[in-house]
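Let's take a friendly walk through this structure, one neighbourhood at a time. Keep the 3D view open as you read.

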Amino acid sequence: MSKTHFGYQSVDEAEKAGKVAEVFHSVASKYDVMNDLMSFGLHRVWKKITIARANVRPGQKVLDIAGGTGDLAAAFAKAADWGRNPDAQVWLSDINASMLGVGRDRLLDRGMALPCVQFDAEKIPFPNNHFDVVTVAFGLRNMTHKEVALGEMRRVIKPGGRVLVLEFSKPDAFLQPVYDTYSFKVLPWLGEKIAQDSESYRYLAESIRMHPDAQTLKEMMLGVGFDEVETHRMTGGIVALHIGIKY
């Protein structure tokens with residue numbers, strides 16, 4: 001059986017999804033706290049930039065993959081004029097039932113009964129050329145076969161559509177020592193104190209290190225058929241926003 005990485009561990013490919021699921025079942029209720037810890041709260045700024053670059057317009061169809069607590073989906077629903085424009089569609093999705101439940105409940109608390117669907121991004125259950133915009137924020141690095149998932153995202157966008165991938169990346173060299181100390185010393189300690197779960201936070205730090213850097217991810221996206229890929233490194237390269245365009 002083929003091997004893949006789960007953080008720094010080598011595991012059978014068939015095991016990875018289950019192990020990742022355990023992590024996110026564990027951290028679902030603390031997801032926003034987790035992101036605040038991992039990014040000093042900057043994830044909110046990075047997401048706002050992603051929302052702005054998505055440039056969703058009234059009546060468009062949007063799919064948010066690995067949608068977490070639904071903050072991107074809520075912003076897209078407003079931009080698409082969901083609930084008033086009959087053409088607008090905004091879907092929240094996640095492979096993890098716990099995460100999807102948290103996102104659904106938070107959207108309902110905002111008065112948004114958006115459709116929610118649980119699926120593996122390597123097998124997106126929508127037809128070809130359906131969406132104007134597909135987004136995945138801090139979810140790609142947890143997928144076993146990233147090229148397959150990216151190819152699926154490309155498949156379901158219309159010609160002229162965009163896939164936006166916001167993900168942790170490789171920081172500039174001068175930031176690396178501080179970043180490593182924080183990731184492997186401070187973050188697991190905070191995870192234990194705040195969420196009583198240091199191991200999940202250690203995995204999340206390791207998963208970032210195993211994720212492709214910005215240039216490699218751009219090449220991966222071009223390799224699965226995107227006609228153009230814009231790369232925007234932010235905060236010294238700690239994160240990168242990739243925008244894949246299909247002609």
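Thr50 sits in helix α3. In this predicted model, Thr50 has a relative accessible area of 1%, under the 20% cut-off, so it counts as buried. What does Thr50 touch, leaving aside residues up to four places away in sequence? Its contacts there are Leu72, Leu164, Leu166 and Leu241. The side chain of Thr50 also has a polar atom 3.0 Å from the backbone oxygen of Trp46.

## Lys47, a buried lysine

Lys47 is also placed in helix α3. Is Lys47 buried or exposed? Its relative accessibility is 6%, and the limit for buried is under 20%, so Lys47 counts as buried.

Where does its side chain find a polar partner? The side chain of Lys47 makes a polar contact of 3.1 Å with the side chain of Asp71. Setting aside residues up to four places away in sequence, Lys47 touches Asn35, Asp71, Leu72, Phe138 and Leu166. With Leu72, the C-alpha to C-alpha separation is 7.2 Å, while 25 residues separate the pair in sequence.

## How α3 meets α4

Now look at the two helices together. Helix α3 covers residues 43-54 and helix α4 covers residues 71-79. They pack at an angle of about 35°, and their axes are 11 Å apart. The crossing is right-handed.

Which residues make this contact? From α3 come Lys47, Thr50, Ile51 and Ala54, and from α4 come Asp71, Leu72, Ala75 and Phe76. Sorted by class, the contact of α3 with α4 holds five nonpolar residues, one polar residue and two charged residues.

## The buried side of α4

Within α4, the buried residues include Leu72, Ala73, Ala74, Phe76 and Ala77. What do the buried residues of α4 pack against? Their partners are α3, β3, β4 (89-94), α5 and β6. Just after α4, Asp81 adopts a positive phi of about 60°.

## Loops around the helices

Several loop residues deserve a look. Asn55 lies in the loop between α3 and β3. Although Asn55 is not a glycine, its phi is positive, at about 50°.

Gly67 belongs to the loop between β3 (61-65) and α4. With a relative accessible area of 6%, Gly67 is buried. Leaving out residues up to four places away in sequence, Gly67 touches Leu92, Ser93 and Asp94. Gly67 and Ala137 are 70 residues apart along the chain, and their C-alpha atoms are separated by 7.1 Å.

## The loop between β6 and α6

Two residues stand out here. Phe138 lies in the loop between β6 and α6 and has a phi near 60°, a positive value in a residue other than glycine. Its relative accessibility is 4%, and Phe138 counts as buried.

Asn142 is found in the loop between β6 (131-137) and α6 (146-156). At 12% relative accessibility, Asn142 counts as buried. Which side chain does Asn142 join in a polar contact of 2.7 Å? The partner is the side chain of Tyr203.

## Helix α5 from end to end

How does the span of α5 compare with expectation? Helix α5 runs through residues 97-109, 13 residues in total. At 1.5 Å a residue, these should span 18 Å, and the end C-alpha atoms are 18 Å apart, so the two values agree.

At the N-terminal end, Asn96 caps α5, with a side-chain oxygen 3.0 Å from the backbone nitrogen of Ser98. The buried residues of α5 are Met99, Leu100, Gly101, Val102, Gly103 and Leu107. Just after the helix, Gly111 takes a positive phi of about 80°.

Notes: Residues are numbered from 1 along each chain as its sequence is written. Side-chain values use heavy atoms; hydrogens and water are left out. Helices (H or I, at least four residues) and strands (E, at least two) are DSSP runs, numbered from the N terminus. The expected span of a helix is 1.5 Å times one less than its number of residues. Buried means under 20% relative accessible area, exposed over 50%, partly exposed in between (1.4 Å probe, protein chains only). A polar contact is a pair of N or O atoms within 3.5 Å; within protein, one must be able to donate a hydrogen and the other to accept it, and residues adjacent in sequence count only if both atoms are side-chain atoms. Axes are lines fitted to C-alpha atoms, for helices over the stretch in contact, and angles run from 0 to 180 degrees between N-to-C directions. A crossing is left-handed if the near helix is turned anticlockwise from the far one by less than a right angle, and right-handed if clockwise. Contact means heavy atoms within 4.5 Å. Ala, Val, Leu, Ile, Met, Phe, Trp, Tyr, Cys and Pro count as nonpolar, Asp, Glu, Lys and Arg as charged, and the others, Gly among them, as polar.
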